[in-house]
Amino acid sequence: MSRFWSDHVANLAPYVAGEQPKLSKLVKLNTNENPYGPSPRALEAIRAATGDRLRLYPDNESTVLRAAIAAHHGVEPGQVFVGNGSDEILAHVFNGLFRRNGRVLLMPDITYSFYKTYCRLYDVPAELVPLDDEFAIRVGDYTAARTEPIAGIILANPNAPTGRALSLDEIEAIAKAHPDAPVVIDEAYVDFGAESAIALLGRCANIVAIHTFSKSRSLAGLRVGFAIGGAEIIDGLNRVKDSFNSYPLDSLAHAGATAAIEDVDYFDRTRNKVMETRAALTQRLETFGFKVLPSRANFVFASHPDHDGSKLAAALRAEGVLVRHFNQPRIDQFLRITIGTPEECELLCKTLVKILTKTH
Ligand SMILES: *Cc1c(COP(=O)(O)O)cnc(C)c1O
């Protein structure tokens with residue numbers, strides 16, 4: 001605690017991001033970036049946006065980008081909110097929707113760890129609902145009647161770091177059980193094979209789906225995310241945003257993200273390649289004796305019955321292959337492995353064979 005800090009700073013539990021190595025020859029399968037580059041049309045649009053016009057402020061309403069996102073997803077521009085990465089949108093969601101005078105927020109015990117960080121930052125009490133023994137969300141835990149009103153529910157779908165997905169029927173049942181509470185679905189990985197809750201918006205006014213350009217659009221460095229939800233919820237988020245930073249997206253981000261969402265062909269080709277590689281890698285890992293959870297994301301979550309998770313991660317690191325290991329109860333035997341190119345996955349497999357045979 002420093003005498004210069006506000007009281008609550010000492011109580012924060014900041015998010016710890018995966019390593020971004022300075023050495024470039026490492027095989028980087030630890031932070032779920034896309035192995036394929038951004039759409040060439042996005043890069044061209046970013047280049048075209050550099051120039052004298054950068055002296056002007058960007059469009060604070062992100063009109064063109066929101067229209068492109070709305071057209072792509074078949075919704076109204078007024079249902080689209082954009083932010084500086086989906087993490088920023090999540091921050092506004094916790095601040096603007098979940099901060100409800102001590103009401104609890106429901107979320108899985110194992111999920112994206114930033115949610116707990118935001119709970120601390122915005123004083124939102126969380127009720128952690130355990131996943132089942134196969135690391136799946138039990139829908140009944142979220143639909144059961146409660147004595148007190150809740151602040152809301154947040155679920156990553158597919159969940160992180162498990163990769164498991166709920167069906168739209170399951171999400172609808174959860175949303176309908178709490179019609180007066182926001183149900184936020186973090187769809188950072190949805191484009192790799194799960195169903196988007198955007199399809200439920202007509203029936204569930206309390207749902208908001210959050211997407212990012214960081215994974216399926218290969219633009220983690222550009223920092224763009226968006227939320228799609230009912231107009232009431234989006235209005236609330238806009239009020240928070242305009243009380244915090246009216247210009248979260250710069251002109252280059254507007255240009256690049258708009259071109260990226262319009263390049264459907266490139267998007268489909270690259271995400272299909274990732275899904276094919278995921279299937280192949282899952283099979284390979286299973287032949288090595290790994291248990292691999294069924295993934296709808298651009299990573300797999302795998303454990304080996306005879307090898308300690310943290311030792312495996314360290315051994316891979318020593319061989320130049322980065323994967324993510326979480327030193328956390330229930331999942332400390334697992335590795336989260338980002339789907340790279342087929343060549344990167346081959347290198348991972350070769351290295352694993354070397355490690356598994358050496359330590360046995
Ligand atoms: C990567 C990720 C995010 C953050 O995405 P950004 O848009 O890069 O901030 C949010 N939620 C989940 C579950 C993620 O995995």
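A: The second largest cavity holds about 40 Å³ of space. A cavity is a set of points on a 1 Å grid over the protein atoms alone where a 1.4 Å probe fits but cannot get out, and lining residues have an atom within 4 Å of a point. Grid points are joined across faces, edges and corners, and a volume is the space filled by probe spheres set on the points. This is a predicted model, in which local features need pLDDT of at least 70, side-chain atom pairs count only at pLDDT 80 or more, and totals for chains, interfaces and linings use all residues. Residues are numbered from 1 along each chain as its sequence is written, and side-chain values use heavy atoms, with hydrogens and water left out.

Q: Which residues line the second largest cavity?
A: Its lining consists of Glu 187, Ala 188, Asp 191, His 211, Thr 212, Ser 216, Arg 217 and Phe 226. By class, 2 are nonpolar, 3 polar and 3 charged. Here Ala, Val, Leu, Ile, Met, Phe, Trp, Tyr, Cys and Pro count as nonpolar, Asp, Glu, Lys and Arg as charged, and the others, Gly among them, as polar.

Q: How many cavities of 30 Å³ or more are there?
A: The count comes to 2. The largest cavity has a volume of about 50 Å³. Ser 216 and Arg 217 are among its lining residues, as are Ser 39, Asp 263 and Tyr 266. Helix 9 (residues 264–287) gives the most to this lining, with 3 residues. Helices (H or I, at least four residues) and strands (E, at least two) are DSSP runs, numbered from the N terminus.

Q: What about pockets, and what is the volume of the largest one?
A: A pocket is an open set of points with protein on both sides within 12 Å along at least five of seven lines. The largest pocket has a volume of about 630 Å³. Of its 32 lining residues, Tyr 15, Thr 31, Asp 87, Tyr 112 and Lys 215 lie nearest its centre. The lining has 14 nonpolar, 11 polar and 7 charged residues. At least three residues come from each of domain 1 (16–37 + 271–358) and domain 2 (40–262), with bounds from an automatic or database domain assignment.

Q: Now the ligand: which residues are around it?
A: Asp 87, Tyr 112, Thr 212, Lys 215 and Arg 223 are among the residues around the ligand, where a residue counts as near if one of its heavy atoms lies within 4 Å.

Q: Which polar side-chain atom lies 2.5 Å from an oxygen atom of the ligand?
A: That atom belongs to Thr 212. An N or O atom in the side chain of Arg 223 is 2.8 Å from a ligand oxygen atom, and a backbone N or O atom of Asp 87 lies 3.0 Å from one. The protein buries 93% of the 390 Å² that the ligand exposes when taken alone, with accessible areas from the Shrake-Rupley method and a 1.4 Å probe.

Q: One change of topic: where does Pro 158 lie?
A: Pro 158 is in the loop between strand 5 (152–156) and helix 6 (168–177). The peptide bond from Asn 157 to Pro 158 is cis, with omega near 0°. Pro 161 lies in the loop between strand 5 and helix 6, and the bond from Ala 160 to Pro 161 is cis, with omega near 5°. Most peptide bonds are trans.

Conventions:
A polar contact is a pair of N or O atoms within 3.5 Å; within protein, one must be able to donate a hydrogen and the other to accept it, and residues adjacent in sequence count only if both atoms are side-chain atoms.
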